[in-house]
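Keep the sequence and the model open while reading.

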Amino acid sequence: MAPILIIDPGHGGNDPGGGSNQYWKEKDLNLQISLYQFQRYQELGIPVAITRTKDQTLTPEERTRLVLESGADYCHSNHINAGGGDGAEIIHSIYNDGNMAELIGEELQKSGQNLREIYTRTLPGDTNQDYYFMIRNTGKVETNIIEYGFADSKNDDIQQLRQNWRALAEAVVKAFCRFTGYQYSFPSESLKGESEPVNVFPAKQSSNGAPLGQTLILPAEADSWRVYPLGVSPVKGNEKGLLKPAKFGGLEYRIEGTTQPEVYIIETADYGKVQIYADPSTGAKVAQGNKNSKNQQTFAGHRLESKVDNLRYYNRPSWSDAHMVNTIDKGIGFPEIVDKVKVGKSYQYKVKNSKGSVYYLTANPSYVRVL
């Protein structure tokens with residue numbers, strides 16, 4: 001029997017997704033939510049399929065082909081948002097009435113999540129086509145992109161996603177049953193989990209501790225290259241700033257995710273984490289693996305740990321006692337390296353803690369390790 005519904009855990013494999021933070025990679029939380037829903041629909045006797053059941057790279061073409069060839073009438077495309085907002089968002093096609101999206105939003109609100117927006121979006125310059133490929137390229141399948149909350153929310157989304165992800169996933173199941181007329185019943189005890197589940201998959205890494213990924217190479221011939229904030233359309237007028245590849249003989253950046261085909265998430269020294277459009281027609285190239293570069297070092301975005309006890313860290317690039325904040329012991333560290341700076345005759349790493357506060361500490365490999 002062909003499934004009536006297919007679930008798509010967004011991102012995966014080499015694409016961690018932009019809705020990531022110190023607690024989770026978006027691809028992993030998307031998969032956890034999706035696998036729970038997959039089991040719930042099976043429990044309810046609803047014919048269901050899923051695009052991936054593990055940490056797997058799927059190109060946009062592979063992903064949409066799986067949806068199209070499944071024979072399903074409906075698709076949940078599960079995601080975690082980024083860009084500093086708060087609350088759930090549901091995106092539906094310009095060619096459907098949005099009634100399912102409305103029910104999903106209603107049930108998410110009942111589960112305790114606030115609803116930020118339900119909307120459609122079209123391609124720039126072509127109002128007859130949906131903007132997002134998962135909606136545009138899945139044919140007659142009614143696809144809803146469900147953003148369960150923001151990974152960088154200043155309000156309660158992070159806590160909600162860590163503690164109540166099952167309730168949010170269940171809300172979508174309930175909305176689907178209401179829309180299609182399938183009989184709904186509460187989940188079995190085996191799927192309820194703990195009263196306050198915090199079962200979020202950790203960030204997956206390769207065997208040598210380096211995040212799996214690719215490198216974006218910007219050509220030396222390019223005088224400037226626009227970069228865009230997360231959470232906006234990467235089109236002219238929305239740019240956050242300009243990179244200068246020609247000035248440095250080309251630039252290389254570790255790819256941390258994608259927001260749509262040929263639009264990548266990278267970390268830059270001047271603008272932080274941004275989107276960049278890099279279709280092959282622009283002259284940009286994507287290489288497998290994380291390459292060394294004088295312009296974007298492979299330590300950027302990695303975790304830093306102390307190898308010794310009583311390692312000092314500072315509130316500015318300095319070795320002075322007056323600027324020392326505190327010390328950390330062996331095995332303790334900071335979740336994100338931002339940059340490497342020269343202080344006197346030595347170097348320090350510029351790092352962030354889980355709250356976003358910036359500090360500095362030695363870059364000497366005798367005292368610290370990059371993970």
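## The whole chain

This is a predicted model. The protein has 371 residues, and 49% of them count as buried. Its secondary structure comprises 7 helices and 24 strands.

Take the contacts with a separation of 6 or more: 69% of them join residues 24 or more positions apart.

## Helix H6

Helix H6 covers residues 165-180. With 16 residues at 1.5 Å each, H6 should span 22 Å, and the 23 Å between its end C-alpha atoms agrees with that.

Which residues of H6 are buried? They are Trp 165, Arg 166, Leu 168, Ala 169, Glu 170, Ala 171, Val 172, Val 173, Ala 175, Phe 176 and Cys 177. The list includes the charged residues Arg 166 and Glu 170.

## Helix H3

Helix H3 runs over residues 99-110. Its 12 residues should span 16 Å at 1.5 Å a residue, and the end C-alpha atoms lie 17 Å apart, in agreement. After H3, Gly 112 adopts a positive phi of about 115 degrees.

The buried residues of H3 are Met 100, Ala 101, Leu 103, Ile 104, Gly 105, Glu 107 and Leu 108.

## Where H3 meets H6

The axes of H3 and H6 come within 8 Å and cross at roughly 140 degrees. The two helices are therefore oblique to each other. The cut-off matters here, because roughly antiparallel requires an angle over 145 degrees. The crossing is right-handed.

On the H3 side, the contact uses Asn 99, Met 100, Leu 103, Ile 104, Glu 106, Glu 107, Leu 108 and Lys 110. H6 supplies Leu 168, Ala 171, Val 172, Lys 174, Ala 175, Phe 176, Arg 178 and Phe 179. By class, the residues of this contact are 10 nonpolar, 1 polar and 5 charged.

## Where H1 meets H6

Helix H1 (residues 26-43) also packs on H6, with axes that come within 9 Å and cross at roughly 45 degrees. That angle makes H1 oblique to H6. This crossing is right-handed.

H1 brings Gln 32, Ile 33, Tyr 36, Gln 37, Arg 40 and Tyr 41 to the contact. From H6 come Trp 165, Arg 166, Ala 169, Glu 170, Val 172, Val 173 and Phe 176. The contact of H1 with H6 has 8 nonpolar, 2 polar and 3 charged residues.

## Loop residues with positive phi

His 11 is not a glycine, yet it has a positive phi of about 65 degrees. It sits in the loop between strand E1 (5-9) and H1. Is His 11 buried or exposed? At 10% relative accessibility, it counts as buried.

Asn 310 is another non-glycine with a positive phi, here about 60 degrees. Its loop links strand E17 (304-306) and strand E18 (311-314). Asn 310 is exposed, with a relative accessible area of 55%.

Val 232 lies in the loop between strand E10 (225-227) and strand E11 (241-243). It counts as partly exposed, at 31% relative accessibility. Leaving aside residues up to four places away in sequence, Val 232 touches Asn 238 and Gln 275. Ala 82 is 150 residues away along the chain, but the C-alpha atoms of Val 232 and Ala 82 are separated by 9.9 Å.

Gly 344 belongs to the loop between strand E21 (336-343) and strand E22 (346-352). At 63% relative accessibility, Gly 344 counts as exposed. Pro 317 is 27 residues from Gly 344 in sequence, and the two lie 9.4 Å apart, C-alpha to C-alpha.

How values were computed:
Residues are numbered from 1 along each chain as its sequence is written. This is a predicted model: local features need pLDDT of at least 70, side-chain atom pairs count only at pLDDT 80 or more; totals for chains, interfaces and linings use all residues. Side-chain values use heavy atoms; hydrogens and water are left out. Axes are lines fitted to C-alpha atoms, for helices over the stretch in contact, and angles run from 0 to 180 degrees between N-to-C directions. Helices (H or I, at least four residues) and strands (E, at least two) are DSSP runs, numbered from the N terminus. Angles under 35 degrees count as roughly parallel, over 145 as roughly antiparallel, 65 to 115 as roughly perpendicular and the rest as oblique. A crossing is left-handed if the near helix is turned anticlockwise from the far one by less than a right angle, and right-handed if clockwise. Contact means heavy atoms within 4.5 Å. The expected span of a helix is 1.5 Å times one less than its number of residues. Buried means under 20% relative accessible area, exposed over 50%, partly exposed in between (1.4 Å probe, protein chains only).
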